[in-house]
Amino acid sequence: MNRKEIEALRERVGCAAVLEHAGFAIDAKESTRRAVKFRRGAEIIIVSHEGRGWFDPLSDAKGDVFGLVEHLDHVGFLEGAGRVADLVGFAITEPEWQAPAPDHGHDLSLPERWQARRRPWPGSSTWAYLCGERFLPAILLRATIRQDRLREGPYGSMWAAHTDNAGAVTGWEARGPEYRGFASGGTKVLFRLGPDTALRLAVTEAAIDAMSLAAIEGLRDGTVYLSTGGGWSPSTEGALRQLASRPDALLLAATDANPQGELFAERLRALADTVGCDWSRLRPPEEDWNETLKIREKEKRERKEGGVPHSRRPRQGKLRPAEPALDPAGRDAGGPEGVMKD
């Protein structure tokens, strides 16, 4: 197979065809036009560059369609190229897309694009999305805004800042009623809510989950609520390693209660073992922390509307958890000596 034939195959066969043929399915809720997420059990592949590129968010693997076949089938290039050739004309399933919210201002730097956006305010479309659809309490949103972690995105979407350990904005998670993505040209490091000096490191997979857990726990003292943005980049791992390397740090795997969440939790356990800090698994009662928060808040509203005698309006001065976030029945804990200090 000569170079011209290889280039022709690369143009004719997209990564999506390889993945569907291998039994992967599109996760439409987690996808955008520019980044389509495919799942096969606990495996995840993100297809980018209009179907010509891919990467594995749970490892450093990435490449073109030939590299994808080599990655999935554990074969060499020549055999992989033959398998790609067999897929010429393979029909793929096209998802029905919602129009993504445009991210204007690409001629500006990341910090300039961030500063050009307004902070959410009561009555804004982003505030309505976070409070109304995501059930995040106003007091939690105000605390997050005071730390300069939120911005108004286009069409009611939310921008949640990722920062490095020096505090510089490296990008943002963008999430709205019909859109999910990450800042074009940005780098996933960590979304952070809480004091920089906190030693209890609660790691989630999305900024909305980090804020939801903070709401459930009442912004627990000594805790910083973190989000990896669903990825595990070298920048993310380096930032977590630096935070977890401090004396008496506790790395809390507050990832989703699904196979992907368990994979992330194991990565956090391995990181904790490497740096010598304590580790604990914190599973949400539902699939994720926002779903847990929504169910809790809906039940509270139903009790209030039903006129339950013992229901009483809580004080508004400080967030208070309705119940401990830790689930004793499913609690794993450990550290260098097998003892959790929290």
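## Aromatic pairs

In this predicted model, a search of the whole structure finds four aromatic pairs, where rings of Phe, Tyr and Trp (its six-membered ring) pair if their centres lie within 6.5 Å; planes under 30 degrees apart count as stacked, over 60 as edge-to-face and the rest as tilted. One of them joins Trp114 and Trp172 in a tilted arrangement, with 5.8 Å centre to centre and 35° between the planes. Trp114 belongs to helix α5 (residues 110-115) and Trp172 to strand β8, so the pair ties together parts that are 58 residues apart in sequence. Helices (H or I, at least four residues) and strands (E, at least two) are DSSP runs, numbered from the N terminus.

Trp114 is buried, at 0% relative accessibility, and Trp172 is likewise buried at 0%. Buried here means under 20% relative accessible area, exposed over 50%, and partly exposed in between (1.4 Å probe, protein chains only). Ring pairs also bring in Trp159, linking Trp114, Trp159 and Trp172 into a cluster.

## Charges over rings

Arg117 lies over the face of Trp159, at 5.2 Å from the ring centre. The charged end of Arg118 is placed over the ring of Trp121, 3.9 Å from its centre. A charge sits over a ring if NZ of Lys or CZ of Arg is within 6 Å of the ring centre and within 35 degrees of the ring normal.

## Basis of the values

Because the model is predicted, local features need pLDDT of at least 70 and side-chain atom pairs count only at pLDDT 80 or more, while totals for chains, interfaces and linings use all residues. Residues are numbered from 1 along each chain as its sequence is written, and side-chain values use heavy atoms, with hydrogens and water left out.

## Thr170 in strand β8

Strand β8 (residues 169-176) also contains Thr170. Thr170 is buried, with a relative accessible area of 13%. Leaving aside residues up to four places away in sequence, Thr170 touches Leu110, His162, Thr163, Asp164, Gly186, Thr187 and Val189; contact means heavy atoms within 4.5 Å.

## Salt bridges

The whole structure holds 18 salt bridges, each defined as a side-chain nitrogen of Lys or Arg within 4 Å of a carboxyl oxygen of Asp or Glu. Glu7, Arg10 and Asp64 are linked in a network of such bridges. Within it, Arg10 bridges to Glu7, the closest N and O atoms being 2.6 Å apart. Both residues lie in helix α1, three residues apart, about one turn of the helix. Arg10 is partly exposed, with a relative accessible area of 21%, and Glu7 is partly exposed at 35%.

Arg10 also meets the side chain of Asp64 in a salt bridge (2.8 Å, N to O). Asp64 lies in the loop between β5 (62-63) and α3, and Arg10 in helix α1, so the pair ties together parts that are 54 residues apart in sequence. Asp64 counts as partly exposed, at 22% relative accessibility.

Elsewhere, Asp148 forms a salt bridge with Arg151, with 2.6 Å between the closest N and O atoms. Arg151 is buried, with a relative accessible area of 3%.

## The buried side of helix α4

Gly80, Ala81 and Val84 are buried in helix α4 (residues 77-85). They cover an arc of only 100° around the axis, which puts them on the same side of α4; the arc is that of the directions from the helix axis to the C-beta atoms. The buried residues of α4 pack against α1 (3-12) and α3 (65-73).
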